[in-house]
Amino acid sequence: MTTIRIPYGRQSISDQDIDAVIRILKSDFLTTGPTIDAFERAVAEYCGARYAVAVANASVALQLACRVLDLGPGQSLWTTPNTFVASANCADHCGARIDFCDIDPSTLNLSVKTLEAKLAATPAHQHPRVVVPVHFAGQPCDMEELGTLSQKYGFKIVEDAAHAIGAEYKGEKIGGCRHSAMTVFSFHPVKNITTGEGGMITTNDENLYVRLRELRTLGITRDPNRMSRPCPGPWYYEQLEVGYNFRMTDLEAALGLSQLQRLDQFIGRRQELVDTYNQSLHDLPLKLPTVTPARKSAHHLYVVEVLSEARKDRAQVFQELREAGIGVNVHYIPVHLQPVYRKQGFQEGDFPKAEGYYQRALSLPIYFDLSSEEQQFVIARLRHILT
Ligand SMILES: *Cc1c(COP(=O)(O)O)cnc(C)c1O
């Protein structure tokens, strides 16, 4: 195995980030303290949402979001096959059925037209209770159109914005939940800001917010107004539902709060890297990513598609870049083709757009600390391999 000198993505940790975490280590609260509240308020304010709930990671955030929408057995959740497995797993965690809806090849996001056709062709009792659009690579989905369909067909929308903190749709930040019930963010180190492990759910719905907070901590409340019996004293708490320990620590929240202050700078640098790739690669047999008008991408990934007229196929290009120490990657293996979902009956040909795209997809390195020299090295290798 060649050593990867340039990964496809990585965190950027500053002295300010480190100091923020050390301050928490020396404080009274390592978890469930005031820094969690501060991070939640900061994310809510940044996104323009009324509420935010910090959790252990985005996978459990998706699970919790589905749970508070009362997704359960006999119901279904639809998402895109072009995503990380977590966007689909949340259905099974709630005992619900999963189904997928193919992508729009121009945006690589869930196709609203395909969704509309599938809804129209599906008997009402099999309509989804929840739809999870994923803002792939940081590019916002067609939220207005999805919102219209959600009203017409009565499903709830949970936005998977693991790639998209800082992205904008029609002048508003993703996470403001104008067209959705909730939005979920991830703070894994490859994402646009990190807490190590971590996730956040934003919403404008107070009832969802209260249940998300309770279920994050085992289903417990200390609010006398939520209790079923008179509160006998300050020691008393009640468990209202069977919840989970899905909490984030204050150490993680402190890192997140510090990283959030750097987010716009991070995205600015990602935009520069995208512009350079776009200018340098346009004459190669590659399909380059585009951003639809009225959207600002968070540029979490830079995905090119190796076209059929190229001298080499994607697998060869991937291999040769890896041999040069460049950690290219593939986002994503269509989720319905994972063995666990094949067992439920999904197979090749079910979602041809996502499957075709997958054969061509290649994620090039993009992250804040990627230097211009490193990027030029990636561009030169790719040009050499393809010409
Ligand atoms: C990373 C990712 C997740 C899961 O995030 P974790 O915080 O690692 O659990 C979910 N959905 C998408 C699209 C992702 O990229």
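In this predicted model, a backbone N or O atom of Ala58 sits 2.8 Å from an oxygen atom of the ligand, which falls under the heading of a polar contact (a pair of N or O atoms within 3.5 Å). A polar side-chain atom of Ser59 is 2.6 Å from an oxygen atom of the ligand, and a side-chain N or O atom of Asp160 lies 2.7 Å from a ligand nitrogen. On its own the ligand has 380 Å² of accessible area, 93% of which the protein covers (Shrake-Rupley method, 1.4 Å probe). Helices α3 (58-68) and α4 (86-93) each give two or more residues to the shell around the ligand (helices are DSSP runs of H or I, at least four residues).

There are 15 residues around the ligand, counted when a heavy atom lies within 4 Å. Ala58, Ser59, Asp160, Ser186 and Lys191 come nearest. The shell splits into six nonpolar, seven polar and two charged residues, with Asp, Glu, Lys and Arg taken as charged, Ala, Val, Leu, Ile, Met, Phe, Trp, Tyr, Cys and Pro as nonpolar, and the others, Gly among them, as polar.

Lys191 turns up again in the lining of the largest cavity, along with residues including Arg10, Phe266 and Phe368. That cavity holds about 60 Å³ of space, and its lining has four nonpolar, five polar and three charged residues. A cavity here is a set of points on a 1 Å grid over the protein atoms alone where a 1.4 Å probe fits but cannot get out, with lining residues having an atom within 4 Å of a point.

Residues are numbered from 1 along each chain as its sequence is written. Local features need pLDDT of at least 70, side-chain atom pairs count only at pLDDT 80 or more, and totals for chains, interfaces and linings use all residues, while side-chain values use heavy atoms, leaving out hydrogens and water.

Technical notes. On a 1 Å grid over the protein atoms alone, a cavity is a set of points where a 1.4 Å probe fits but cannot get out, and a pocket is an open set with protein on both sides within 12 Å along at least five of seven lines; lining residues have an atom within 4 Å of a point. Grid points are joined across faces, edges and corners, and a volume is the space filled by probe spheres set on the points. A polar contact is a pair of N or O atoms within 3.5 Å; within protein, one must be able to donate a hydrogen and the other to accept it, and residues adjacent in sequence count only if both atoms are side-chain atoms.
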